Amino acid sequence: MRDEFLDEIKNRTILFDGAIGTMLMTTGHASTKSPITFNLEQPDLVAEIHRQYYEAGSDVVTANTFGGNPLKLAAEGLEQQLDPLNREGVRLTRTVCPDGKFVAGDMGPCGKLLKPLGDVAPEDMQENFFLQAKVLIDAGVDLIAIETMYSLQEALAAASGVRKAGDILLLVSMTFTKTPNGLFTMMGENIARCASSLEDAGIDIIGANCTLNSRDIIGLTTELRASTTKPILIQPNAGQPVTRKGATYYEQTPSEFAADAKKIKDAGADMIGGCCGTTPEFIKEVAAALSDH
Ligand SMILES: [Zn+2]
């Protein structure tokens, strides 16, 4: 599976999906609960969103398991449901995954900081992600995507947790913020440092997602491309969320986003998807834009 996937990347631009969390929270299904609870409470809705992404042209759809690590679940009183929430998330994606397309297990930050800034020891951080990865791999994902990481140390701990759980294609995507001095993670790491550390750790695919919109992430793509020979995945937000009359919108339109996707590809991205605020409509327009690019 790893070679098959890495070969595909050499042949064409691989499309990921867009957001599911923000869709669940903004499409009239508003809930104060974590999006992962929908896997058990509204499974048909989750599967339907995944189906729409495959139909829109996504080659890879990420299971709704972003908040499924034990530390994050414990913060919501859901730690007893580690196995069913993650397992069901993978199953729902697999049920709508067409032949020849892929299911990624999604892993997000744990919401806590490593010592000495926070109170989590490195071995506990690794164990936290190991436990989630074990369920995702056992449930049959094709690859694991560690996403929206704002701390390189946490990303590396998560990656070693996945490696301990099994031999699987592994993608790590960091999130960077624009500052007057350039692009940095929340913990102050720059793109070159993240890329070289992730490469040294043997990560198969390196990515950047969230925070930046499709326009601002073009420059990031150029910088990341210059920093690594690994395949890269770029997943911008659809701009910033704006609340109007109690409903949440994102600033960018699908066509604006798709026009930028061509520039992101030209800047060196091997894979493109969307983060917060993107929907199947965005992916459909990106697919169309890239196919005649
Ligand atoms: Zn995002």
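This is a predicted model: local features need pLDDT of at least 70, side-chain atom pairs count only at pLDDT 80 or more; totals for chains, interfaces and linings use all residues.
Residues are numbered from 1 along each chain as its sequence is written, and side-chain values use heavy atoms, with hydrogens and water left out.

Buried here means under 20% relative accessible area, exposed over 50%, and partly exposed in between (1.4 Å probe, protein chains only).

Helix α11 (residues 254-266) and helix α12 (residues 280-291) have axes that come within 8 Å and cross at roughly 45°. The pair is therefore oblique, a class holding the angles left over when those under 35 degrees count as roughly parallel, over 145 as roughly antiparallel and 65 to 115 as roughly perpendicular. Axes are lines fitted to C-alpha atoms, for helices over the stretch in contact, with angles running from 0 to 180 degrees between N-to-C directions. Helices (H or I, at least four residues) and strands (E, at least two) are DSSP runs, numbered from the N terminus.

The crossing of α11 and α12 is right-handed, meaning that the near helix is turned clockwise from the far one by less than a right angle. On the α11 side the contact (heavy atoms within 4.5 Å) involves residues including Pro-254, Phe-257, Ala-261 and Lys-265; on the α12 side, Phe-282, Glu-285, Val-286 and Leu-290 are among them.

Pro-70 lies in helix α5 (residues 70-75) and is buried, with a relative accessible area of 17%. Its C-alpha atom is separated by 9.6 Å from that of Phe-130, 60 residues apart along the chain. Neighbours within four places in sequence aside, Pro-70 is in contact with Leu-82, Asn-128, Leu-131 and Gln-132.

Thr-185 is placed in the loop between β7 (182-184) and α9 (191-200). At 4% relative accessibility, Thr-185 is also buried. Apart from neighbours within four places in sequence, the contacts of Thr-185 are Tyr-150, Met-174, Thr-175, Phe-176 and Cys-194.
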